[in-house]
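Visitor: Could you take me through how the helices and strands are arranged here, one question at a time?
Guide: Gladly; let us look at the model together and begin with the helices.

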Amino acid sequence: LAREIEYPMDMRSVANLDQHLPQLTASPVLRFGIELAILDALARAAGLPLGAALFLARSNRAPGARPLEAIPVQFTLGADGAETCIRALHEAGDAGHTHCKLKVGLDDCEADLVRLRRIIEQCPRLTFRLDANGAWTPAQALFMLSSLPRDRVEMVEQPVVDQDLPGLLERYDG
């Protein structure tokens with residue numbers, strides 16, 4: 001069925017989505033979701049994985065470059081206990097994941113650190129991304145950021161609520 005649909009745009013013209021739907025400029029997250037859905041539909045219609053279709057649509061690709069066979073994605077877990085996370089993360093690593101995202105901020109900072117240190121120690125193949133969902137105060141965020149191993153924790157998503165972020169950035173020297 002997808003091959004029978006006539007699409008009004010190709011992969012390259014999706015970048016001009018704002019010309020078709022200018023109201024999307026007010027919501028970048030919504031715009032990205034719509035753009036990704038359109039790109040996925042175009043790729044499926046062409047019988048290609050999205051990564052391969054995007055690669056082929058690039059006009060400035062290096063000579064001899066080839067599309068990736070797979071695109072690595074992070075393995076995401078909630079705020080489960082350390083042992084539950086460790087078991088799941090070992091399975092994720094065995095399945096080829098190199099990055100994982102863990103929820104933090106549901107316990108006090110000391111308990112979070114104990115949990116994270118245990119998980120990080122037991123999962124040496126993984127790089128970690130943390131998501132605090134704005135649960136920390138700026139002082140807690142600074143404490144956590146200074147206590148975490150920088151070579152293993154790649155990023156912390158939303159460490160504080162939006163209105164506290166400018167103040168945190170002014171104080172953070174990392």
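Visitor: How are the axes of helix α4 and helix α5 oriented, roughly parallel or roughly antiparallel?
Guide: In this predicted model, the axes of α4 (residues 82–94) and α5 (residues 109–122) come within 9 Å and cross at roughly 25 degrees. Angles under 35 degrees count as roughly parallel, so the orientation of α4 relative to α5 is roughly parallel.

Visitor: Is the crossing of α4 and α5 left-handed or right-handed, and how do the residues of their contact divide by class?
Guide: Where α4 passes α5, the crossing is right-handed. On the α4 side the contact is made by Ala 82, Glu 83, Cys 85, Ile 86, Leu 89 and His 90, and on the α5 side by Arg 115, Arg 118, Ile 119 and Gln 122. By class, these residues of the α4 and α5 contact are five nonpolar, two polar and three charged.

Visitor: How are α5 and α6 oriented, roughly parallel or roughly perpendicular?
Guide: The axes of α5 and α6 lie 11 Å apart, and the two helices pack at an angle of about 25 degrees. Because angles under 35 degrees count as roughly parallel, the relation of α5 to α6 is roughly parallel.

Visitor: Which residues of α6 meet α5?
Guide: The crossing of these two helices, α5 and α6, is right-handed. Their contact comprises five nonpolar, two polar and three charged residues. From α5 come Cys 109, Glu 110, Asp 112, Leu 113, Leu 116 and Arg 117, and the residues they meet in α6 are Gln 140, Phe 143, Met 144 and Ser 147.

Visitor: Turning to the sheet, which are its edge strands?
Guide: The sheet is open, and its four strands, paired in parallel, follow the order β1-β2-β3-β4. From one strand to the next the twist averages 20 degrees. An edge strand pairs on one side only, and this holds for β1 (75–77) and β4.

Visitor: Which residue in β2 is the bridge partner of Phe 75?
Guide: The pairing of β1 with β2 is in the parallel sense and extends over three bridges. Within β2, the bridge partner of Phe 75 is Cys 100.

Visitor: Which residue in β3 stands opposite Lys 101?
Guide: Strands β2 (residues 99–103) and β3 (residues 127–131) run parallel and are joined by five bridges. Opposite Lys 101, the residue standing in β3 is Arg 129.

Visitor: Which residue in β4 stands opposite Leu 130?
Guide: Between β3 and β4 (residues 153–157), which run parallel, there are four bridges. Here Phe 128 stands opposite Val 153 in β4, while the residue of β4 opposite Leu 130 is Val 156.

Note on methods
Residues are numbered from 1 along each chain as its sequence is written. This is a predicted model: local features need pLDDT of at least 70, side-chain atom pairs count only at pLDDT 80 or more; totals for chains, interfaces and linings use all residues. Side-chain values use heavy atoms; hydrogens and water are left out. Axes are lines fitted to C-alpha atoms, for helices over the stretch in contact, and angles run from 0 to 180 degrees between N-to-C directions. Angles under 35 degrees count as roughly parallel, over 145 as roughly antiparallel, 65 to 115 as roughly perpendicular and the rest as oblique. A crossing is left-handed if the near helix is turned anticlockwise from the far one by less than a right angle, and right-handed if clockwise. Contact means heavy atoms within 4.5 Å. Ala, Val, Leu, Ile, Met, Phe, Trp, Tyr, Cys and Pro count as nonpolar, Asp, Glu, Lys and Arg as charged, and the others, Gly among them, as polar. Two strands pair if DSSP finds at least two bridges between them.
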